[in-house]
Amino acid sequence: MIKYVIKRFAQMMAVLLIVSVLVFLMTNFIGDPVDMLVPEDATLEEIEAARIRLGLNKPLYVQYAIFLKSVLHGDFGKSYTYGLPAMGLIVERMPATLELVAVAAALVLLIAIPLGVYAGAYPKRALSKFIMSGSILGISLPSFWMGMMMIYIFAVIFRCLPASGRGDTIPVLGVQLSIFAPGGIRYIILPAVTLALTNTATMIRLTRSGILENMRQDYIKYARAKGVPAKALLFGHALKNALVPVITVFGLDLGNMVAFTTITETIFAWPGMGKLLIDAINKSDRPIIVAYLMAAACMFVVLNFIVDILYTLIDPRIELR
Amino acid sequence: MMKKKICLLMAAIMAVSGCLAGCGGSQTPSTSGESTSVSEGTAEAGGAEGNDSLVIALSSDILSMDPYRYDEGPTNQVMLHMYEGLVSQAPDMSFEPCLAESWEQSEDALTWTFHLRDGVKFHDGEVLDSADVLASIETASNPDSPSAYSGYTSTFSSVEAPDEKTVVIKTEKPNPLMLFNVAQIYILKKENVEGKTEEEIAANVVGTGRYKFVEQVKEDHIDMVANEDYWGEVPAIKNVRFRPITNEATRTATMLTGEVDFTIDISVRDIDRLESTDGISVLKQKGLREIYLNLDSREDSPLFPGQKNPMSDARVREAMYLAIDEATIIKNIMNGCAFEMNSIVPENYVGYQEVERKAYDPERAKELLAEAGYPDGFEVTLDAPNDRYMNDDQIAQAVAGYFEKVGIKVNLNLMPKSNFFSYIKPAENNSMLLMTGWSDASGDGLSLLHDMLYTFDRETGVGTVNRGHYSNAEVDALIDQAYMEPDEGKRAEIIASADQIARDDFAYIPLHFEQDTYAIKDTLDYTPRMNKYVFAWEFSYR
């Protein structure tokens with residue numbers, strides 16, 4: 001186990017190194033941050049001064065070396081646009097995104113697993129067919145369109161939910177959360193449902209195919225013959241064995257939702273990290289982009305690690321190596 | 001078994017209660033429409049009646065709470081609620097007393113004396129004096145700060161305070177834009193700026209303005225309350241919330257639901273929808289942003305190696321001007337949401353004169369091309385951004401089409417703004433023909449001429465946006481002369497004549513001014529400003 005953790009840690013370091021190099025190179029092509037920063041009628045002197053201030057006058061490999069050195073000291077550099085530490089800006093917006101993703105992820109699990117099990121256990125029933133066609137819709141409809149439609153239906157026509165924003169927040173264990181604030185839950189419903197939609201559809205299909213496959217196995221037939229009740233059969237035996245691919249994909253989805261909720265956040269004016277990334281890309285704000293993507297890479301590695309551990313809990317035959 | 005059942009039950013209850021909470025607690029704002037939604041938005045600010053609260057939707061969040069950090073429209077308009085300068089800009093772009101009650105200029109126009117208003121208090125109760133002004137100007141001009149504000153103080157040779165209520169600014173050359181410059185510099189408390197970092201300045205919002213800072217949640221809202229101790233008229237709107245909503249469609253939807261009272265930057269395609277909604281009106285105002293073409297007019301341009309630059313001939317430039325059917329562009333591409341542009345100097349600006357736009361005449365354009373020796377036209381590349389201005393890519397395509405009609409072959413080169421503005425810099429010498437925009441809030445045509453028409457010189461920083469390398473010694477001389485002219489009336493004449501020469505030279509091809517479009521609830525009265533700044537104190541409930 002310890003060996004495994006060390007191995008994973010080494011892998012993570014390698015991934016982070018590669019990500020940082022790639023992002024450093026790529027951001028060089030998306031435009032000159034200095035031109036985005038200085039006024040359009042800036043004189044050459046002003047432009048040069050800004051370049052020197054940001055350290056962009058040095059060759060790229062020197063910039064990278066400086067960056068690497070400060071990262072080892074825990075400093076990801078200051079955002080060109082905001083002049084504040086890049087990591088701080090990301091962390092500051094993190095609670096909003098995590099809150100949204102937590103609700104969306106709960107929705108995914110609560111909806112997708114029961115529906116998937118049902119559709120897998122009784123594939124011929126009309127309701128199963130309805131669930132499956134619904135999931136195709138969920139996969140194929142783009143989330144920005146769904147988001148706009150939901151705003152139109154629930155906020156503009158029925159006026160029962162707010163169209164955008166996060167509402168007021170209250171501190172819960174030192175973190176500002178809106179879901180526990182009075183009326184706060186109303187703000188999170190539309191964005192969370194939008195975010196959950198595509199993932200729910202994929203999860204339904206994954207769960208269903210896993211259940212379908214397992215239901216044909218001999219051990220299920222045996223359990224049935226033994227007289228195990230239908231529910232225990234489905235959830236205790238079949239689902240448990242169908243869960244490994246579901247959890248793998250869910251782990252990745254979770255990472256995707258946290259790191260790249262950009263579209264949902266933009267549509268619902270949700271003050272999370274995704275919008276920060278998009279703005280940073282538009283302004284060629286390299287410190288934010290690098291810090292953001294490194295944090296995202298880190299998170300993916302950690303999530304995968306957790307998923308691996310979950311494997312061993314679900315299926316004791318799997319060993320961590 | 002039991003456990004699983006309980007889990008499922010809990011989950012079901014949570015899901016159902018979530019939906020109920022969502023739809024249940026919300027009936028109040030939906031039925032009563034206009035005013036209650038405001039109080040719902042600003043919970044801690046109170047204002048249950050709604051007649052003194054206002055929620056304004058912005059198209060982007062402010063970039064920093066440090067007022068000197070970023071000179072950008074949306075940030076400035078929010079800052080001006082809390083901070084003020086020595087003078088302020090009136091809706092018609094002229095300057096009026098603010099923290100300085102009066103000012104005078106010396107005979108030689110090199111010394112400006114500002115007399116501070118008595119009894120101006122900061123939000124924390126302390127009285128403003130000249131030391132605060134000195135410290136603020138000093139901070140704004142700090143070249144180490146990335147702020148754009150050092151540009152406003154670059155002409156100042158010294159700033160002194162002979163007594164507590166007087167500030168004297170000296171310049172080496174006359175500066176006709178002095179009032180505009182000092183209007184941009186927010187006055188903060190000396191102890192809050194001197195030796196402070198940007199973070200510290202941003203964390204301590206204490207100004208003299210009509211509103212006091214309450215809180216900011218980045219990308220979500222900024223709340224302010226009226227400053228009851230304001231030196232002037234205390235605003236009728238007591239609670240203000242600014243909400244940045246970047247997505248155009250969401251902004252419109254949020255306006256439709258009544259969650260906000262006023263929305264900035266309405267997308268052209270949403271105008272009809274909003275106008276047809278009861279209780280909402282759309283305000284349209286000619287903006288300051290002008291869209292125009294720059295064309296390389298140098299005889300031997302590096303962009304036409306080994307041949308004469310066709311566009312160095314004024315007849316060719318005139319032909320290109322006449323070839324564009326701007327009325328159709330405004331009607332079909334801009335959906336009528338633009339105003340014909342004839343000169344770079346906007347209305348009401350010092351040096352503005354009414355001029356007619358030359359009529360669309362492709363036949364005459366062809367004749368002129370033939371006269372200039374290009375009966376079969378020539379080939380150029382048109383550079384344009386595709387994400388910066390209203391429908392910019394479509395306008396560029398239309399312009400290219402019009403040029404093709406008179407025989408000029410156009411290679412269209414569309415770019416995102418993050419690449420475009422580096423590419424078209426005059427010093428780079430990349431672009432022979434380009435479409436771009438400019439907006440200048442100084443209220444003075446001289447500022448536009450200095451940036452756009454003065455012969456580009458990378459050393460002295462003149463003509464920094466003269467992207468066509470237009471150069472006319474006569475125009476340069478007139479601009480220099482206008483800078484030395486303290487009398488506004490005479491200066492206006494000089495500016496007008498310089499612009500006239502440039503227009504006769506076809507130094508640039510004007511297209512249109514963009515329209516600023518706002519949505520407002522019918523319960524409110526408001527008149528938009530030319531410079532697009534939206535100030536809460538200018539609203540009133542009917």
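In which sense, left-handed or right-handed, does α10(A) pass α13(A)? The crossing is right-handed. The model is predicted, and chain A has a mean pLDDT of 86. Chains A and B touch, with 47 residues of chain B in contact with 51 residues of chain A.

**Confidence in chain A**
- In chain A, 99% of the residues reach a pLDDT of 70 or more.
- Among the elements of chain A, helix α5 (residues 86-121) has the highest mean pLDDT, 91.
- The lowest mean among these elements, 77, belongs to helix α2 (residues 33-37) of chain A.
- Where pLDDT is low, the predicted coordinates should not be read in detail.

**The side of chain B that touches chain A**
- Two or more residues each come from α1 (2-24), α9 (198-203), α10 (248-256) and α16 (417-423) of chain B.
- The most come from α1(B), which gives seven residues.
- By class, this side of chain B has 18 nonpolar, 17 polar and 12 charged residues.

**Helices α10 and α13 of chain A**
- The axes of α10 (residues 230-259) and α13 (residues 286-314) of chain A come within 9 Å and cross at roughly 165°.
- An angle over 145 degrees counts as roughly antiparallel, and α10(A) and α13(A) are therefore roughly antiparallel to each other.
- On α10(A), the residues making the contact include K240(A), L243(A), V244(A), I247(A) and G251(A).
- On α13(A), they include M299(A), F300(A), L303(A), N304(A) and Y311(A).
- By class, the contact between these two helices has 15 nonpolar, four polar and one charged residues.

Notes: Residues are numbered from 1 along each chain as its sequence is written. Chains are lettered from A and ligands numbered from 1 in the order in which they are written. This is a predicted model: local features need pLDDT of at least 70, side-chain atom pairs count only at pLDDT 80 or more; totals for chains, interfaces and linings use all residues. Two residues are in contact if their C-beta atoms, placed from the backbone, lie within 7 Å. Helices (H or I, at least four residues) and strands (E, at least two) are DSSP runs, numbered from the N terminus. Ala, Val, Leu, Ile, Met, Phe, Trp, Tyr, Cys and Pro count as nonpolar, Asp, Glu, Lys and Arg as charged, and the others, Gly among them, as polar. pLDDT is the predictor's confidence in each residue, from 0 to 100. Axes are lines fitted to C-alpha atoms, for helices over the stretch in contact, and angles run from 0 to 180 degrees between N-to-C directions. Angles under 35 degrees count as roughly parallel, over 145 as roughly antiparallel, 65 to 115 as roughly perpendicular and the rest as oblique. A crossing is left-handed if the near helix is turned anticlockwise from the far one by less than a right angle, and right-handed if clockwise.
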